[in-house]
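Below are some short notes for a colleague who has not seen this structure before.

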Amino acid sequence: MAFAKEETIMTGTNALPEGYKALDLGELPEGWAIKPLLEIISFRKGRKPNNLSETPATDKVPYLTADYFRTGIASQYVNLSKDPSAISVATEDVVFIWDGSNAGDVFLGLKGVLASTMTVIRGDPNIVINDWIYYVLKTNFQTFNTQTTGSTIPHVNKNLFLNLPVTLPPLPEQHPIAHVLRTVQEAKEKTDAVIAATKALKASMMKHLFTYGPVSLEDAGDVALKETEIGPVPKGWKVKKVGDYCLSSAFGPRFSNRLYDDNGNIALLRTTDLDVDGTISYSTMPRANLEIAQFKNHFLLPNDLVISRSGTCGIAAVFSNYEIPVLPGAFLIRFRLSNEIDPIFLKYYINSEAGQSRISQLAEGAIQKNLSGKKILNFYIPVPSRHIQREVLTLILTIDQKLAAEQSHRQALDTLFATLLHDLMTAKIRVQLS
């Protein structure tokens, strides 16, 4: 399948690509049209079925609730022969979220019975294919999601929905455009599956390493373990408090919001600049104009460990370096460690399933959870020799490199998809028909 960009021709003082016409939404090829959504679709809102079962069977289909969309797992099922009035969808139908925080989201490829918070949409087969409707709605998610109605539960604005202007190429051109977009979408989904599998492998690997050390699965049964405050660990490992290896610790300093400046001389590392794995997004750190002398004792140094203490508590990260001085935010605690423990080893343990389970129990507060520096200093951790720490890190970092490569590939696919979505659906790029 080939793509082509249109050549521009001059007509008087106006420039139009050859074979294009000027319309309200811009320049579109001859044969393309613009119609409101209400003229090209039929739609029907879901409702709660009369019969629901928690037992799957060959004569039942999944009940597509909000939980199903979050988890991908059906917990209830419907027998359509016993409830013919239930609003069912086939894989070729477009499913549109009408109510709730995700109002405006859109899906294809589902089969089941719709809950009352969603709508099935079908295009007029003489004018538009369902895939085209899907991609049109997908490009307008922000429009629908940010202009909802309803004070308690948000709902899609029906007038906005029905009068949405839709660019319509001829049917023979819709199919190949949808095919190109679907191909990239499938590549994104396959990459997501690889990322999910790699994350599961990493979690399983960390559980093994922090229990048995850097040995194979086959040799794990031969490792002599001892019971400790944190569970079983190899006999040669120590179990001590973070404070036993901490040279100093401090909360991030506070300063006036007025001092924030995009061209500031100091950057601020916030909890929102950390992901759940403790990866630091240096590019999103805001800047401020501050007196160096006043804050220099708070600047982060390479290999400083920081732990989030409020909101999403207990996420650990290790600072490496940055082009200007960096302060830890007020909701981070900075720990400077002795040479007996690698801060990256400690970061991985704290962010592991076992570490998160334990550290989350230290957080206090009914609404906003908070961690105290004292409790973290008294937090027990596994401490093998530096040699074993390096072996553990080598194995985890190998998986992390694979994960980073897949995530970078996913970001590239996102960029490609967004570009193609815009350019193909506005005829900036044309699919050459055979």
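**Notes on the model**

1. N303 is a residue of the loop that runs between helix 6 (292-295) and strand 22 (305-308). The model is a predicted one. N303 is not a glycine, yet its phi is positive, at about 80 degrees. With a relative accessible area of 46%, N303 is partly exposed.

2. A second residue other than glycine with a positive phi is A427, where the angle is near 65 degrees. A427 sits in the loop between helix 10 and strand 27 (430-432). Its relative accessibility is 3%; A427 therefore counts as buried, since the cut-off for that class is under 20%.

3. Turning to the pockets, the largest pocket has a volume of about 640 Å³. Its lining is made up of 24 residues. Those that lie nearest the centre of the largest pocket are D275, T279, D400, A404 and Q407.

4. Which helices each supply at least two residues of the lining of the largest pocket? They are helix 5 (171-212), helix 7 (343-351) and helix 10 (386-425). Helix 10 gives the most, with eight residues of the lining.

5. Sorted by class, the lining of the largest pocket holds 10 nonpolar residues, eight polar residues and six charged residues.

Technical notes
Residues numbered from 1 in each chain as written. Predicted model: local features only at pLDDT ≥ 70, side-chain atom pairs only at ≥ 80, totals over all residues. Heavy atoms only, no water. 1 Å grid on protein atoms, 1.4 Å probe; cavity = no way out; pocket = protein on both sides within 12 Å on 5 of 7 lines; lining within 4 Å. Points joined across faces, edges and corners; volume = space filled by probe spheres on them. Helix = DSSP H or I, 4+ residues; strand = E, 2+ residues; numbered from the N terminus. Nonpolar A, V, L, I, M, F, W, Y, C, P; charged D, E, K, R; others polar. Buried < 20%, exposed > 50% of the residue type's maximum accessible area, 1.4 Å probe, protein only.
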